Amino acid sequence: MEFSQSIRSAIRRATELALAEERRGGGRTQLTCPVDIHWHHRPFELQSYEGLDCSETGLRIRTHSFLMEGLTGRATFSREGVVAIRTVVISWTRESTSPSGEMIWESGLRLL
């Protein structure tokens, strides 16, 4: 399935806008649920990540692989007992260490 040029342009504009805005807009709460994402470049493949915390504008996930900034997708997660389905963009990715001492990655997702 190939995206049309207009869809790619809309995704690119939304990504640029999201990355340009202030990313911290409020307090963060712990999020202890899986975050399932269909990335736009692989829409038929579901990836699951561990949710760490969330705010009104984004959430932080833990993953075993590097996620490139600007990557967009459709995320499904549960927040305060309500299932949310939102378009997301990767704002940042950094190396981290799991509680067991394993090298992992953490990524910040901006909710669009």
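This is a predicted model: local features need pLDDT of at least 70, side-chain atom pairs count only at pLDDT 80 or more; totals for chains, interfaces and linings use all residues.
**Close-up 1. Strand S4 (residues 58-63) and its buried faces.** Six of the six residues of S4 are buried, so the strand is largely enclosed by the rest of the structure. In a regular strand the side chains alternate between the two faces of the sheet. In S4 both faces are covered, with Gly58, Arg60 and Arg62 buried on one side and Leu59, Ile61 and Thr63 buried on the other.

**Close-up 2. The strand partners of S4.** Strand S3 (residues 46-54) pairs with S4 in the antiparallel sense over four bridges, and a hairpin of three residues joins S3 to S4. S4 also pairs with strand S7 (residues 103-111), again in the antiparallel sense, over six bridges; within this pairing, Thr63 stands opposite Trp105 of S7.

**Close-up 3. The salt bridge between Arg62 and Glu50.** Glu50 has Arg62 of S4 as its bridge partner, and the two residues also form a salt bridge in which the closest N and O atoms are 3.3 Å apart. Since Arg62 lies in strand S4 and Glu50 in strand S3, the pair ties together parts that are twelve residues apart in sequence. Arg62 counts as buried at 17% relative accessibility, whereas Glu50 is partly exposed, with a relative accessible area of 39%.

Close-up 4. Glu106 forms a salt bridge with Arg60, the closest N and O atoms being 2.8 Å apart. Because Glu106 lies in strand S7 and Arg60 in strand S4, this pair ties together parts that are 46 residues apart in sequence. Glu106 counts as buried, at 6% relative accessibility, and both residues belong to a network of salt bridges that links Asp53, Arg60, Arg94 and Glu106.

**Close-up 5. The salt bridge between Glu45 and Arg42.** Among the five salt bridges found in a search of the whole structure is the one in which the side chains of Glu45 and Arg42 meet, at 3.4 Å from N to O. Glu45 is partly exposed, with a relative accessible area of 34%, and Arg42 also counts as partly exposed, at 47% relative accessibility.

How values were computed: Residues are numbered from 1 along each chain as its sequence is written. Side-chain values use heavy atoms; hydrogens and water are left out. Buried means under 20% relative accessible area, exposed over 50%, partly exposed in between (1.4 Å probe, protein chains only). Helices (H or I, at least four residues) and strands (E, at least two) are DSSP runs, numbered from the N terminus. Two strands pair if DSSP finds at least two bridges between them. A salt bridge is a side-chain nitrogen of Lys or Arg within 4 Å of a carboxyl oxygen of Asp or Glu.
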